[in-house]
Amino acid sequence: ERGRRTFIMAFAPLDEYKGTRHKVAGCEKMMPATTRGVHVVKELTENTCEWTRAQQADLNIALPANLLDFAAKQQLNLADVIQEKHRRNGREVDRETR
């Protein structure tokens, strides 16, 4: 859309990052894993947006299916929490997007 902004935030594993790194206290006790993904926030109107989130994680371990299902549900719950936190009156949004 003309005049509307889109913000794209991508992230990749630290071993692909060549910039400055900050040490996190206690990280030596953590199991190494990697994640990569992208968030796209597209402005629809002055007060509404569309948010797309795609993320892939590699825990570097094999997990039972029930734990993977649990983790997937947790991620979907996070999306629901964010949506609910920013929910607005549907009629007002409909009026703005027309």
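**Entry 1: I8**

I looked up I8 and found it exposed, because its relative accessible area is 59%. My cut-offs: buried is under 20% relative accessible area, exposed is over 50%, and partly exposed is in between (1.4 Å probe, protein chains only). I8 sits in strand β1. I take strands (E, at least two residues) and helices (H or I, at least four) as DSSP runs, numbered from the N terminus. Leaving aside neighbours within four places in sequence, I8 is in contact with V38, H39 and V40. Contact means heavy atoms within 4.5 Å. I also checked I8 against T97: they are 89 residues apart in sequence and 22 Å apart in space, C-alpha to C-alpha.

A note on the source: this is a predicted model, where local features need pLDDT of at least 70 and side-chain atom pairs count only at pLDDT 80 or more, while totals for chains, interfaces and linings use all residues. Residues are numbered from 1 along each chain as its sequence is written, and side-chain values use heavy atoms, with hydrogens and water left out.

**Entry 2: salt bridges**

How many salt bridges does the structure hold? I found two. A salt bridge is a side-chain nitrogen of Lys or Arg within 4 Å of a carboxyl oxygen of Asp or Glu.

One joins the side chains of E43 and R5, at 3.6 Å from N to O. E43 is in strand β2 and R5 is in the segment before β1 (6-11), so the pair ties together parts 38 residues apart in sequence. Is E43 buried or exposed? E43 is buried, since its relative accessible area is 15%. R5 counts as partly exposed, at 49% relative accessibility.

E16 and R36 also meet through their side chains in a salt bridge, at 3.0 Å from N to O. This pair links distant parts of the chain, 20 residues apart: E16 is in the loop between β1 and β2, and R36 is in strand β2. E16 is partly exposed at 43% relative accessible area. R36 counts as partly exposed too, at 35%.

**Entry 3: E50**

I found E50 in strand β3. E50 counts as partly exposed because its relative accessibility is 39%. Not counting residues up to four places away in sequence, E50 touches V40, V41, K42 and L44. T6 is 44 residues from E50 along the chain, and their C-alpha atoms are separated by 9.4 Å.

L59 lies in the loop between β3 (48-58) and α1 (65-85). L59 is partly exposed, with 38% relative accessible area. With M31 and I61, L59 forms a nonpolar patch on the surface, and together they have about 280 Å² of accessible area.

N60 is in the loop between β3 and α1. I noted a positive phi of about 60 degrees there, although N60 is not a glycine. Most residues other than glycine have a negative phi. N60 counts as partly exposed, at 46% relative accessibility.

For this entry, patches are made of residues with over 30% relative accessible area and no salt bridge; nonpolar side chains (Val, Leu, Ile, Met, Phe, Trp, Tyr) are joined within 5 Å, like charges within 9 Å. Accessible areas come from the Shrake-Rupley method with a 1.4 Å probe; for residues, only the protein chains shown count as cover.
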